[in-house]
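Trainee: I would like to go through the labels attached to this model and see what each one rests on.
Mentor: Then put the structure up, and ask about the labels in turn.

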Amino acid sequence: MIGWLQLLGRWSLGRVARLGRGHLFLVRTLASLPHLVLRPRLVIRELFSVGVLSLLIIVVSGGFVGFVLGLQGYVTLVRFGAEESLGVVVALSLVRELGPVVSALLFAGRAGSALTAEIGLMKSTEQLAGLEMMAVDPIERVVAPRFLAGFLAMPLLAALFSAVGVWGGYFVGSGLLGVDSGAFWSQMQSQVDFHDDVVNGIIKSVVFGFVASWIAVFEGYDAVPTSEGVGRATTRTVVNTALAVLGLDFILTALMFGNF
Amino acid sequence: MNDGSSMGGRTVARVEVRDVHFSRAGRPIFRGLDLDVPAGSVTGILGPSGTGKTTLLNLIGGRLRPARGTVRVDGQDVHRLSRGGLYALRKRMGMLFQSGALLTDLNVFDNVAFPLREHTRLPEALIRDVVLIKLEMVGLRGARDLMPAELSGGMARRVALARAIVLDPVMVMYDEPFTGLDPITKAVIVQLIRKLNQALGLTSIVVSHDVAETFSIADYIHVIAEGGVIASGTPDALRETGSAWVRQFIQGLPDGPVPFHYPARPYYEELLEGQGA
Ligand SMILES: Nc1ncnc2c1ncn2[C@@H]1O[C@H](COP(=O)(O)OP(=O)(O)OP(=O)(O)O)[C@@H](O)[C@H]1O
Ligand SMILES: [Mg+2]
């Protein structure tokens with residue numbers, strides 16, 4: 001019993017300490033962002049690798065999600081003779097929810113895990129320690145550009161995901177199932193509100209980008225510097241990002257669309 | 001460039017470690033460590049695995065903070081410096097990591113150029129010259145386009161050495177520079193450390209458990225174990241007057257004053273316990 005309590009206590013202390021380290025780390029990362037103004041090339045390089053890493057998976061998944069939305073939406077709407085509204089259904093689902101959420105999950109699996117592994121390996125091969133001994137701050141030089149790149153890439157990827165998804169829904173709805181293409185687009189245009197839907201979706205993807213990038217770089221920086229530790233950190237990045245994104249999505253949705 | 005090793009005939013200490021206490025995960029590593037590294041010397045730090053030699057270098061470099069005691073480099077208390085002060089000091093010391101710690105996404109040339117590009121505004125043509133000079137010193141000018149993954153362990157260490165001296169430091173710390181190398185490469189590294197020490201007027205700290213190599217290049221040797229320095233002196237003096245412990249270490253005998261076992265409870269107690277008594 002006592003042993004069990006002791007274990008619980010140690011586990012909670014470990015958790016709290018990690019949470020504290022994570023926040024301190026975030027503060028240090030944010031504080032070194034201004035330095036990057038002088039060295040945009042560091043960020044551009046990371047932006048390229050984070051963006052390119054995720055591009056293919058985002059486009060392909062966006063397409064398939066759009067196809068499925070087109071099919072499912074059509075099957076349901078046609079029962080009420082409302083298949084003309086397919087464009088609205090597809091666009092709203094993507095812009096409000098699926099775009100930000102699914103692309104954040106894909107980002108965690110592709111780019112986030114790669115960031116964690118990269119930073120973790122740099123730690124385990126003493127590269128980060130080497131930087132410190134060369135009087136170069138690893139947070140400034142290694143972590144901050146990657147964090148910023150992830151943060152900037154995420155909204156763009158989410159927007160791309162939604163755009164491809166809408167096109168996928170159009171392809172299935174109009175091209176295969178015969179929904180009138182004029183109605184598809186005009187209904188979408190009139191029913192999707194720029195502020196309520198598009199901007200809120202962008203806000204979500206910005207928040208998710210922040211959290212996903214933070215988790216990815218922190219897990220790498222905090223990894224146990226062994227190959228096993230880096231492997232575990234990579235897994236944790238994917239799991240923690242998924243949980244954080246889904247939890248935050250609920251909170252944000254409630255704040256944005258729930259009329260409390 | 002270098003202020004030499006003597007001032008009015010007296011030796012000047014580049015590094016002074018005084019009464020340093022440090023523990024890791026509740027286990028004390030150092031309990032009142034005292035040692036000096038004379039300026040301009042090659043000083044060897046010998047000790048068995050796990051005694052805290054790497055830890056000592058990290059304390060000197062300010063990456064770790066002692067629980068008690070001071071570490072001075074050129075008279076500056078490393079752990080009282082501001083961040084800026086510490087970084088300025090680090091630019092004057094090079095460190096060679098056990099693994100080399102080269103940046104894996106840069107080639108040899110860019111790795112050596114890295115500190116210059118980070119800390120100076122030298123024109124690219126000058127950077128090129130400096131880097132080639134340093135690579136020539138370690139004999140790898142021809143390998144400048146290779147990536148770290150394409151280097152052998154010994155080459156990686158030499159590249160790391162070129163990088164460690166590229167900012168013209170006054171001191172270089174070598175962590176296990178001989179480990180895992182074939183005899184020829186070992187001899188090359190030994191020669192390099194000596195040569196650089198003379199040519200650049202460096203102070204060199206060589207941490208190792210390779211007794212023969214360390215004895216062959218060091219001016220002074222500190223043997224550390226059990227949380228402190230247990231013997232110091234010139235190689236000759238140590239060979240002559242070493243205690244039983246030092247002799248055991250130098251001659252490489254498996255058991256003696258240094259126990260073969262990691263501290264543990266009595267053997268029979270633990271075995272009896274396993275019987276579920
Ligand atoms: N991050 C760490 N956390 C906890 N203990 C550590 C850590 N790093 C090192 N230690 C412990 O500190 C002690 C000293 O380690 P250190 O790396 O300084 O030894 P060393 O003398 O360099 O050994 P070697 O010759 O094998 O490199 C070891 O016993 C090790 O168990
Ligand atoms: Mg070591």
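This is a predicted model: local features need pLDDT of at least 70, side-chain atom pairs count only at pLDDT 80 or more; totals for chains, interfaces and linings use all residues.

Trainee: What makes chain A a chain of helices, and how many strands does it have?
Mentor: Chain A has 8 helices and 0 strands. Read from the N terminus, its elements run α-α-α-α-α-α-α-α. The C-alpha atoms of chain A fill a box of roughly 65 × 55 × 35 Å along the principal axes.

Trainee: Which two values describe a pair of packed helices?
Mentor: Such a pair is described by the angle between the axes and the distance between them.

Trainee: Why is H7(A) called roughly antiparallel to H8(A)?
Mentor: H7(A) and H8 (residues 227–257) of chain A pack at about 155°, with axes 9 Å apart. The label applies to angles over 145 degrees, so H7(A) is roughly antiparallel to H8(A). The residues of their contact divide into 14 nonpolar, 5 polar and 6 charged. H7(A) also passes H8(A) in a right-handed crossing.

Trainee: What makes a space a cavity and not a pocket?
Mentor: In a cavity a 1.4 Å probe fits but cannot get out, whereas a pocket is open. A search of the whole structure finds 1 cavity of 30 Å³ or more. About 150 Å³ of space lies in the largest cavity.

Trainee: How do you know that both chains line the largest cavity?
Mentor: Its lining has 16 residues, and those nearest the centre are Met134(A), Met93(B), Gly94(B), Arg163(B) and Ala164(B). Helix H4 (127–133) of chain A gives two or more residues, as do helix H2 (83–91), strand S8 (93–96) and helix H5 (153–164) of chain B. The lining divides into 11 nonpolar, 2 polar and 3 charged residues.

Trainee: What is the volume of the largest pocket, and which residues lie nearest its centre?
Mentor: The volume is about 1200 Å³. Of 36 lining residues, Arg39(A), Leu42(A), Arg141(A), Arg117(B) and Glu118(B) lie nearest the centre. By class, the lining has 16 nonpolar, 4 polar and 16 charged residues.

Trainee: What lines the second largest pocket?
Mentor: About 870 Å³ of space lies in the second largest pocket. It is lined by 27 residues, with Arg28(A), Glu132(A), Pro138(A), Tyr221(A) and Arg63(B) closest to its centre. The lining of the second largest pocket divides into 13 nonpolar, 3 polar and 11 charged.

How values were computed. Residues are numbered from 1 along each chain as its sequence is written. Chains are lettered from A and ligands numbered from 1 in the order in which they are written. Side-chain values use heavy atoms; hydrogens and water are left out. On a 1 Å grid over the protein atoms alone, a cavity is a set of points where a 1.4 Å probe fits but cannot get out, and a pocket is an open set with protein on both sides within 12 Å along at least five of seven lines; lining residues have an atom within 4 Å of a point. Grid points are joined across faces, edges and corners, and a volume is the space filled by probe spheres set on the points. Helices (H or I, at least four residues) and strands (E, at least two) are DSSP runs, numbered from the N terminus. Ala, Val, Leu, Ile, Met, Phe, Trp, Tyr, Cys and Pro count as nonpolar, Asp, Glu, Lys and Arg as charged, and the others, Gly among them, as polar. Axes are lines fitted to C-alpha atoms, for helices over the stretch in contact, and angles run from 0 to 180 degrees between N-to-C directions. Angles under 35 degrees count as roughly parallel, over 145 as roughly antiparallel, 65 to 115 as roughly perpendicular and the rest as oblique. A crossing is left-handed if the near helix is turned anticlockwise from the far one by less than a right angle, and right-handed if clockwise.
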